[in-house]
Amino acid sequence: MGYRIVIADDEPITRMDIREILEGAGYEVLGEASDGFDAVEMCRKHKPDLVLMDIKMPLLDGLKASRMIRDEDTAGGILLLTAYSGKEFVDQAKEVGVMGYVVKPIKEASLLPMVEIAVAKGAEIAQIESDKQKAQGQLEGRKLVERAKGIMMKTYKISEEMAYNRIRKLSMDKRCSMKEIAKVIVLNG
């Protein structure tokens with residue numbers, strides 16, 4: 001599958017090697033960054049499926065850049081590529097929320113499966129987040145409708161069922177959601 005990827009590493013030869021591996025496997029390399037600042041900017045511009053990020057880079061290191069990218073949600077996932085395998089770096093990577101951690105030297109046989117897993121996990125997390133937001137929106141809508149029903153029941157001295165049916169009829173007549181009608185009722189209530 002042709003995932004869209006940004007490579008961030010301060011060593012040009014490493015970037016070139018990684019690009020060759022990725023393009024040879026059918027991935028699209030959107031760009032290369034030599035520091036974390038440029039990586040963040042590329043993610044803002046391209047919204048890649050994955051960022052391959054070195055930890056030790058000038059100007060803005062890979063961990064801080066990764067945190068910015070995650071906070072801004074400008075990439076599907078981040079895979080750290082680094083020569084450092086110490087526990088402190090791994091712990092920091094976990095805190096940042098990256099999808100994987102690959103220790104250099106990079107080998108095609110280990111990189112490509114990690115890319116696939118990282119992109120899949122990023123998509124899974126994005127779907128979960130989308131489902132969560134949808135559920136929160138539905139819950140908010142239900143709460144508004146309940147409040148609007150209460151206002152209508154009190155104002156017009158009608159039953160809960162009649163209040164609900166009036167909101168539903170207004171929704172159909174105005175061709176908008178019951179949530180929107182409920183908002184207006186609550187604002188005017």
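Helices (H or I, at least four residues) and strands (E, at least two) are DSSP runs, numbered from the N terminus. This is a predicted model: local features need pLDDT of at least 70, side-chain atom pairs count only at pLDDT 80 or more, and totals for chains, interfaces and linings use all residues. Residues are numbered from 1 along each chain as its sequence is written, and side-chain values use heavy atoms, without hydrogens or water.

**Stop one: the core.** Select V51, M53, I69, I78 and L80. Of the 23 residues in the largest nonpolar core, these touch the most other members. Such a core is a set of buried Ala, Val, Leu, Ile, Met, Phe, Trp, Tyr and Cys residues joined through side-chain atoms within 4.5 Å; buried means under 20% relative accessible area (1.4 Å probe, protein chains only). Helix α2 gives the largest share, four residues.

Next, another core lies apart, with 20 residues, including I5, I18, L81 and L112.

**Stop two: the largest pocket.** Select R70, D73, A75, G76, M99, G122, I125, A126 and E129, which line the largest pocket. On a 1 Å grid over the protein atoms alone, a pocket is an open set of points where a 1.4 Å probe fits, with protein on both sides within 12 Å along at least five of seven lines; lining residues have an atom within 4 Å of a point. Its volume, the space filled by probe spheres set on the points, is about 220 Å³. Helix α5 (residues 108-156) supplies the largest share of this lining, four residues.

**Stop three: the second largest pocket.** Stay on α5, which gives four residues, the largest share of this lining. The volume here is about 160 Å³.

Notes
Buried means under 20% relative accessible area, exposed over 50%, partly exposed in between (1.4 Å probe, protein chains only).
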